[in-house]
Amino acid sequence: MELNHYLEALSLKDPDQRRGALREVLVKEHLDFDLQEEAPSQKAPRGIYNYILAPWNSEPGPLFCAHYDAVPGSFGANDNAAALCILIALAGKLKEENFPARFAFFDGEETGNTGSRLFAASMNHQEITGVINLDVCGYGDTIAVNSRGYERKPGVEAFCRKEVLAGHNGVLVKYLPGSDEASFSGGRTPAISIASVPRWDIQYLNALSKMGSGLLGRPPEFHMILDQMEISTTMHGGYRDTPGMG
């Protein structure tokens, strides 16, 4: 399956249609799944609906994850339908090879990581050796990996090796905008985040990594730099937010 085969089908503004489209794709690709649900609440007014693929191999392995929700009014082509397409293709390949791995498609990343927090609170740590989160992976020529200090931890170390990244036009970066990997912080399972960005944007990510979030939050310059990044045009209703525009 081509990586972008389902990009248009999954890039929908309506959240219910988007959720239903993902379900249809998983069924079409013969990827069995369980639906992890939580009723509507103050923190998640629409409820939470995570799609968790049924494991085809019971041995411990990595968890590959991505969020399927989008910012209201956004097609969410790059944030985050592109990552969904990558994981669907990868799941099919690893299932075919019977490679031990888990896959999760999380709801609610754009509203406080509610889906991944729900999953992290009940996950079996014995089954998952590391968490690899994909977010904003459909635009640019450079793979950016934020190891969050876990680059030498078994379970994610292979994704952080500089020689491996160099062979795939990838780099380790000290900052990527927070995503679902944050829900696993402080736990026993290492979690990293992977994105795709234009090479030019790496300089901005390096600059952002040096700006802390003190008591008063991020400085104004932080948001100015973020808005200047080319990748920002592919997200949250930017002019490259629709399929085929990247």
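**A close look at L22**

Author: Let's start with the contacts. Setting aside neighbours within four places in sequence, L22 touches L10, Y51, Y68, I88 and F105. Keep in mind that this is a predicted model. L22 sits in helix α2, and its relative accessible area is 0%, so L22 is buried. Its C-alpha atom is 9.2 Å from that of Y6, a residue 16 places away along the chain.

Now widen the view to the core. The largest nonpolar core has 37 residues, and L22 is listed among those with the most contacts inside it, along with L10, L26, L53, I88, F103 and F105. At least two residues of this core come from each of α1 (7–10), α2 (15–28), β2, β3, α3 (77–96), β4, β5 and β8 (191–197). The top contributor is α3, which gives nine residues.

Leaving out neighbours within four places in sequence, F103 is in contact with Y51, I52, L53, W56, L63, F64, L87, L90, A91 and L94. Y51 is also on the contact list of L22. Apart from all this there is a second, separate core of 19 residues, including Y175, L208, I225 and I231.

For α2 and α3, the axes come within 12 Å and cross at roughly 15 degrees. With under 35 degrees as the cut-off, α2 and α3 are therefore roughly parallel to each other. Their crossing is right-handed. On the α2 side the contact is made by R18, L22, V25 and L26, and on the α3 side by D79, N80, A81 and I88. Sorted by class, that contact has five nonpolar, one polar and two charged residues. As for the spacing, residues three or four places apart in an α-helix point the same way, because there are 3.6 residues a turn.

The axes of α6 (residues 202–209) and α7 (residues 220–228) come within 10 Å and cross at roughly 165 degrees. That angle makes α6 roughly antiparallel to α7, and the crossing is left-handed. Here Y204, A207 and L208 of α6 meet F222, I225, L226 and Q228 of α7. By class, this contact has six nonpolar residues, one polar and no charged ones. L208 and I225 also belong to the second core.

In α4 (residues 114–122), the buried residues are T114, G115, S116, L118, F119 and A120. They pack against β1 (33–38), β2 (48–53), β3 (61–67), β4 (102–106) and β5 (128–134).

Most residues other than glycine have a negative phi. N113, in the loop between β4 and α4, has a positive phi near 60 degrees. With a relative accessibility of 10%, N113 counts as buried. R148 also has a positive phi, about 55 degrees, without being a glycine. R148 lies in the loop between β6 (142–146) and α5 (162–166), and at 34% relative accessibility R148 counts as partly exposed.

How values were computed: Residues numbered from 1 in each chain as written. Predicted model: local features only at pLDDT ≥ 70, side-chain atom pairs only at ≥ 80, totals over all residues. Heavy atoms only, no water. Buried < 20%, exposed > 50% of the residue type's maximum accessible area, 1.4 Å probe, protein only. Helix = DSSP H or I, 4+ residues; strand = E, 2+ residues; numbered from the N terminus. Contact = heavy atoms within 4.5 Å. Core = buried A, V, L, I, M, F, W, Y, C linked by side-chain atoms within 4.5 Å. Axes fitted to C-alpha atoms, helices over the stretch in contact; angles between N-to-C directions. Parallel < 35°, antiparallel > 145°, perpendicular 65-115°, else oblique. Left-handed = near helix turned anticlockwise from the far one by under 90°. Nonpolar A, V, L, I, M, F, W, Y, C, P; charged D, E, K, R; others polar.
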